[in-house]
Amino acid sequence: MAQLVKLKDYVSRYEQNIIVYPSRFVRLKKQKWEGVKKLYQTNQLIKPRETDFYEEEWEEEKSSFISKIKGIIKKTKKEELAEQLEIKKDEPVATEEDALAFDYIPDQYRDLKSLDDLKLQFLNQLFKFQLKWASSTLTEKSTVKKAFYYDDNLKYFLQRFPDTYLVFYKPIFLIKNAPVELDTIIITPTDVWIITMLEAEDSAVFVGSNEKFWVKKSRDKEKKILSPIISINRTEKVVKKLLAAQEVDIPIQKVILSRNGYIDFPAVPYHLKLIEKRNYQEWFEMMRNNRSPLKAVQLKTAESLLRYCLTTCARRYEWDVTDEK
C-alpha cells in the first residue's frame, strides 16, 4: 500500500520528518497485517459488539492520549509511554506517535469469507488511517473533505502499489506566492511519476493532438476536452525546477492514464507515455513488481517537494487549552 505523503494543502506528518515516517509506516503495516492474519487463521479474530471504526473521530482518539502524556512530569516520555502502553522497556518506543498506531477492528456488519476479504477490509481501514496521517500532526490538523474518503482514484494509487511508493495527490504548491494545484506525483525508489488520469465511460476513445483541446468519442457522441498535456507539462516544469534547486537528480516519467479507455494519438510527444486499455496491464504489473526498498534520493526528492507545498491547518484546540492550564 503506497503512502499518502501530501493531500491537497493539508498538514502532513511526513512534512515533520520525511526520513522517519515512510519506514515507520512500512513497519507498522507489516506488523499489524501479520498479527491480524494470524488471528484470522487461528479463529481468534473477534468482532466488537458496539464499535464503528468508520465513524470514529480523531478528537475522541486524541482525548485519552492527551490525558496520558500530559500527566508525565517526573518521568521521561519514553518510560511513561512504555508503562501506559504496556510496552517492555527493552522494546523501542520512538515518540508519542507510537501511541496513535493503527489498530484493525473487525467489521461487525460483514462476515469474512476468505483471506482476501480480510485483506480488503484491512486495506480499507488502513486507507482511512492514512488520511489522518496526511491531514494532521500531534498539534495541528486540517479539515478533510468527505469526498476524499470515497475517492476511487486516491484509493487506487494507495491500495494497488507498493509500500515504498510516496504519493502526492492533488498537491498544491506555492509558486511565486500563488497556489497552484498539480497532477498526481508518485515518487518511487527509482523515478518520479507524474500521472494525469483520463477516464470517462468504459471503452471511450480519446483522440489526442498537440492542440489545446482533445476529442472524446463515446457511443456515437463527440465532446471536446482540455488537453491533459497542458497540466502534465505544467507539473513537470514545476517539479524539475524545484528538484534542480535542491540539486536532486532522479528520472521523471510522464503518464496519461486511461485504465478503461483508449487513446489515439499518433504524434505523441517524446518522453510522454500513454497508458490505456491495450497496454495498461503490462504497465501496472511493472509498477507493482518494483520491490526496491526506500532510497535516500527518493526521500530527498519528497523532502524537496514538500518544502514548497502549501499547508493550511489549525492548531488543535485541546493543546491550546492544555497550554493555558
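## Salt bridges

Arg-278 is exposed, with a relative accessible area of 62%, whereas its salt-bridge partner Glu-276 is buried at 4%. Here buried means under 20% relative accessible area, exposed over 50%, and partly exposed in between (1.4 Å probe, protein chains only). The closest N and O atoms of Glu-276 and Arg-278 are 2.5 Å apart. A salt bridge is a side-chain nitrogen of Lys or Arg within 4 Å of a carboxyl oxygen of Asp or Glu, and the structure holds eleven of them.

This is a predicted model, in which local features need pLDDT of at least 70 and side-chain atom pairs count only at pLDDT 80 or more, while totals for chains, interfaces and linings use all residues. Residues are numbered from 1 along each chain as its sequence is written, and side-chain values use heavy atoms, with hydrogens and water left out.

Lys-29 and Asp-163 also form a salt bridge, at 2.9 Å from N to O. Lys-29 belongs to helix α2 (residues 21-41) and Asp-163 to the loop between α6 (152-159) and β3 (166-169), so the pair ties together parts that are 134 residues apart in sequence. Helices (H or I, at least four residues) and strands (E, at least two) are DSSP runs, numbered from the N terminus. Lys-29 is buried at 17% relative accessible area, and Asp-163 is buried at 18%.

## Helix α7

Helix α7 covers residues 228-245. Among the buried residues of α7 are Ile-229, Ile-232, Val-239 and Leu-243. Ile-230 of this helix is partly exposed, at 36%.

Within α7, Lys-240 and Glu-236 are four residues apart, about one helical turn. Their salt bridge has its closest N and O atoms 3.4 Å apart. Lys-240 is partly exposed at 46%, while Glu-236 is buried at 14%. After the helix comes Glu-247, with a positive phi near 55 degrees.

## Strands

An open sheet with mixed pairing has four strands in the order β10-β9-β8-β12. Its edge strands, β10 (221-226) and β12 (262-264), each pair on one side only. Strands count as paired if DSSP finds at least two bridges between them. Strand β9 (residues 213-218) runs antiparallel to β10, joined by six bridges; Lys-217 has Glu-222 in β10 as its bridge partner.

Strands β4 (residues 172-175) and β5 (residues 178-181) are antiparallel, with four bridges. They form a hairpin with two residues between them, and Lys-176 in the turn has a positive phi of about 55 degrees. Phe-173 is bridged to Val-180 in β5.
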